[in-house]
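Let's take a walk through this protein, from its overall fold down to a few charged pairs. Have a look at the sequence and the model first.

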Amino acid sequence: MLIEKIKKENIDLHAKGLDYYIIYYFDRLEYGKGDLEPHIDMENIYEAFLFDEKKCLHIYREDGIQGIMYIDEENDEILFEEQIAKKAFKSLKKIIVKKYIKYDEDEQAYIERVLPSKLILSEEAS
């Protein structure tokens, strides 16, 4: 996995073209598919994930707004998992997450990181 730090002023640029988003604001939760319009409310954001099946932009608040872009590489070992959403999120049926596998010095596998990959919304569910 390629990991790239993103400056606050470049977050909007890197957010373009990503298919899905989950944004935790201080006063609400937003999730969905497609480009964010008009943009992310940076003054009110607590944490966010903007992602598609190959990349994930993680935005978080720690001594100001920070961003990290995670990009899949060909040799990554990944397990996919479907997680069922709570009934309170009427249009969100499932979240597909990726679990990135690494190995320690004894060759024991562990999950290094878990990132969202795809949202299954009610209009897509079958």
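Where is Phe26 found? Phe26 sits in the loop between β2 (20–25) and β3 (29–33).

## Ground rules

A quick word on the numbers: this is a predicted model, where local features need pLDDT of at least 70 and side-chain atom pairs count only at pLDDT 80 or more, while totals for chains, interfaces and linings use all residues. Residues are numbered from 1 along each chain as its sequence is written, and side-chain values use heavy atoms, with hydrogens and water left out.

## Overall fold

The protein has 1 helix and 9 strands, and from the N terminus the order is β-α-β-β-β-β-β-β-β-β. Helices here are DSSP runs of H or I with at least four residues, and strands are runs of E with at least two, numbered from the N terminus.

For 126 residues, a compact globule would have a radius of gyration near 14 Å, and the protein's 15 Å agrees with that. That radius is taken over C-alpha atoms, and the globule rule is 2.2 Å times the number of residues to the power 0.38. The C-alpha atoms fill a box of roughly 45 × 40 × 25 Å along the principal axes.

## What's inside

Buried residues make up 39% of the 126 residues; buried means under 20% relative accessible area, exposed means over 50%, and partly exposed is in between (1.4 Å probe, protein chains only). In soluble globular proteins, nonpolar side chains tend to be buried together. Here the largest nonpolar core has 18 residues, and Ile22, Tyr31, Phe51, Leu92, Ile95, Leu115 and Leu119 have the most contacts inside it. Strand β8 (92–103) is among the elements that give two or more residues to this core, and β8 gives the most, with 4 residues. A second, separate core of 17 residues includes Leu18, Ile23, Leu50 and Ile65. A nonpolar core is a set of buried Ala, Val, Leu, Ile, Met, Phe, Trp, Tyr and Cys residues joined through side-chain atoms within 4.5 Å.

Tyr21 belongs to strand β2 and counts as buried, at 14% relative accessibility. Beyond its neighbours within four places in sequence, Tyr21 is in contact (heavy atoms within 4.5 Å) with residues including Glu30, Tyr31, Phe49, Phe51 and Leu119.

## A greasy spot outside

Back to Phe26: together with Tyr24, Leu29 and Tyr46, Phe26 forms a nonpolar patch on the surface, with about 410 Å² of accessible area. Patches are made of residues with over 30% relative accessible area and no salt bridge, with like charges joined within 9 Å and nonpolar side chains (Val, Leu, Ile, Met, Phe, Trp, Tyr) within 5 Å. Accessible areas come from the Shrake-Rupley method with a 1.4 Å probe, and for residues only the protein chains shown count as cover.

## Charged pairs

There are 5 salt bridges in the structure, each a side-chain nitrogen of Lys or Arg within 4 Å of a carboxyl oxygen of Asp or Glu. Lys98 and Asp72 make one of them, at 2.8 Å from N to O. This pair links distant parts of the chain, with Lys98 in strand β8 and Asp72 in the loop between β6 and β7, 26 residues apart. Are these two buried or exposed? Lys98 is buried at 1% relative accessibility, and Asp72 is buried too, at 16%.

Glu30 pairs with Arg28, their closest N and O atoms being 2.8 Å apart. Glu30 is partly exposed at 28%, as is Arg28 at 33%. Salt bridges that share partners join Asp27, Arg28 and Glu30 into one network.
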